[in-house]
Amino acid sequence: MKRIAFFDTKPYDKIWFDRLKAEYDFELVYFEEKLSSNTASMTRGCEGAIAFVNDTIDRSVIETMGKNGVGVLAMRCAGYNNIDFKAAFQKLHVVRVPAYSPYAVAEYAMSLLLCLNRKLHRAFNRTREYNFSLNGLTGFDLHGKTAGVIGTGKIGRVFIDICRGFGMNVIAYDPYPVKDSGIEYVGLEELCRRADVISLHCPLTKETHHIICEQMLAQMKDGVYIINTSRGALIDSEALLEAIKSGKVGGAALDVYEEESDLFYEDFSNTNISDDVLARLISMHNVLITSHQAFLTDEALQNIAETTLQNLKAYFEGAPLQNEICYQCDKLGNCEKQPNGRCF
Ligand code: NAI
C-alpha cells in the first residue's frame, strides 16, 4: 500500500477522499500543515504527496521530497502558480485536476457580483439588527450592461453564458481566443474602457501578474465593478485600494488576494492581522472578500478527490499521465510528451 502525505487538510477535503480511497491502494496521511520548506520533511515514508493552492512548492521542498522518495505531487486544484516547475523537472511528476467544476467557480463569480451590486451583504446585516432601512442599498440592473471577461477558458466561458442569461453584453480578452465561439474579443485596454463589470478568469503567470494595475484601472469606466475568482496577484491590491477610495472603482468582489497564503483558510478572529491593505479593503462597504472558496461545492470536491486519486493511480501503475504539467506545457503545447505519455 502506497503512503501519500496529504497537506493543508480541512474537514471538507477528507469527506470525499475518505469515501473514495477504499477503491485505491493508498494510505492517506493527513496533515493540517501547509506544504512548505518547514514541513516537507513530513513526507518521510511517503511515495507521493497531495497539495493545494496555498502550499509553497519551491526548490528546497522538491529536494526534500525527492530525498524522502516522493516521486509524484498531486495538486488537488487546477492552478499551479505555487510550484517551481524548473526545479521539479526530471525529479518530481506534478499532476493536477484541470477541470473539476467550472460551474462552481463561474456561478460563484456571478453570486459575488449579485451580492455586491444588490448589497445583500449589507442588507443581511441590517435586518439581523432589525434595521429595515433601504438607504444606501441601491444597485443597478445587470441587463444591458457590458461584462468584460479576461480569460475565456473553461470557467470564463461558463461565466460568459451566465452573463448572457442575465441579458448582459459580453466582451472578452484572451491572447488565445476560442475560434468560432461567437465571443466578441477585444484588446485589454478596450475591454477596460468599455466594461461595466470586469471578471478575471485567466491563470497567474509572469504576463498576467498585476494585469489589473494603476494604468489599467485609470482606463476603466468610473464606477466599474471588478470580480476576481482567479488568483490574487492578477490585481495590484494597493492600486485597487486607491481606485476604490477615489470612487473610480464602484465595487470589488475578491475571492482571492495576492497575500492570501498566510491568511486564507485559517481563523484569525482573535488576532489583529498585520496586512493593512487587506484590513482596509475588508472595512469598505463596497468590497466583498471571501476566502478562496469559489471551488467549494459538493460536485467539485467529489471530482477533485476522484481525479487526484486517479492521477496517483496512473503514476504508480506506470501509465500515461494525462493531467501532468511541467514548465514546457503551455497553451501552445510545447511539451512533447515522452512515448510513455509523461513529461519526462
Ligand atoms: P483554463 O486554462 O481553462 O482557462 C484559462 C484561460 O486564460 C485560457 O483561455 C488562456 O488562454 C487564458 N489566458 C492565458 N493567459 C492570458 C492572459 N495573459 N490574458 C488573458 N487570458 C489569458 O482555466 P480555468 O479552468 O478556466 O481556470 C481559470 C483560473 O481560475 C485558474 O487559472 C485558477 O487560477 C482559477 N481558479 C480559481 C478557483 C477558486 O476557487 N477561486 C478554482 C479553480 C480555478
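Me: Which residue in β4 is the bridge partner of Ala 49?
Reply: That's Leu 73. Before going on: residues are numbered from 1 along each chain as its sequence is written, and side-chain values use heavy atoms, with hydrogens and water left out. The model is predicted, with local features needing pLDDT of at least 70 and side-chain atom pairs counting only at pLDDT 80 or more, while totals for chains, interfaces and linings use all residues.

Me: What makes β3 and β4 a pair of strands?
Reply: Strands pair if DSSP finds at least two bridges between them. Four bridges join β3 (residues 48-51) to β4 (residues 72-75), and the two run parallel, so they pass.

Me: Why are β2 and β5 called edge strands?
Reply: Look at the order of this open five-stranded sheet, β2-β1-β3-β4-β5, with parallel pairing. β2 (26-30) and β5 (93-95) each have a single partner strand, so one side of each has no neighbour in the sheet. The twist averages 25° from one strand to the next.

Me: What is the strand order in the open sheet of seven strands?
Reply: The order is β8-β7-β6-β9-β10-β11-β12, again with parallel pairing. β8 (184-185) and β12 (287-289) have one partner each, so they stand at its edges. Further in, four bridges join β9 (residues 197-200) to the parallel β10 (residues 224-228), with Leu 200 opposite Asn 228. α6 (residues 154-165) packs on this sheet, touching β6 (146-150), β7 (169-173) and β9, and makes about 175° with β6.

Me: What makes a space a cavity, and how many are there of 30 Å³ or more?
Reply: On a 1 Å grid over the protein atoms alone, a cavity is a set of points where a 1.4 Å probe fits but cannot get out; lining residues have an atom within 4 Å of a point. Two cavities of 30 Å³ or more turn up. The largest has a volume of about 40 Å³, and its lining includes Asn 228, Gly 232, Tyr 257 and Glu 258. Volume is the space filled by probe spheres set on the points, which are joined across faces, edges and corners.

Me: How many domains does the assignment give, and which residues do they hold?
Reply: It gives two: domain 1 (2-100 + 297-341) and domain 2 (102-289). The bounds come from an automatic or database domain assignment. Their C-alpha centres lie 30 Å apart, and 16 residues of domain 1 are in contact with 11 of domain 2.

Conventions:
Contact = heavy atoms within 4.5 Å. Axes fitted to C-alpha atoms, helices over the stretch in contact; angles between N-to-C directions. 1 Å grid on protein atoms, 1.4 Å probe; cavity = no way out; pocket = protein on both sides within 12 Å on 5 of 7 lines; lining within 4 Å.
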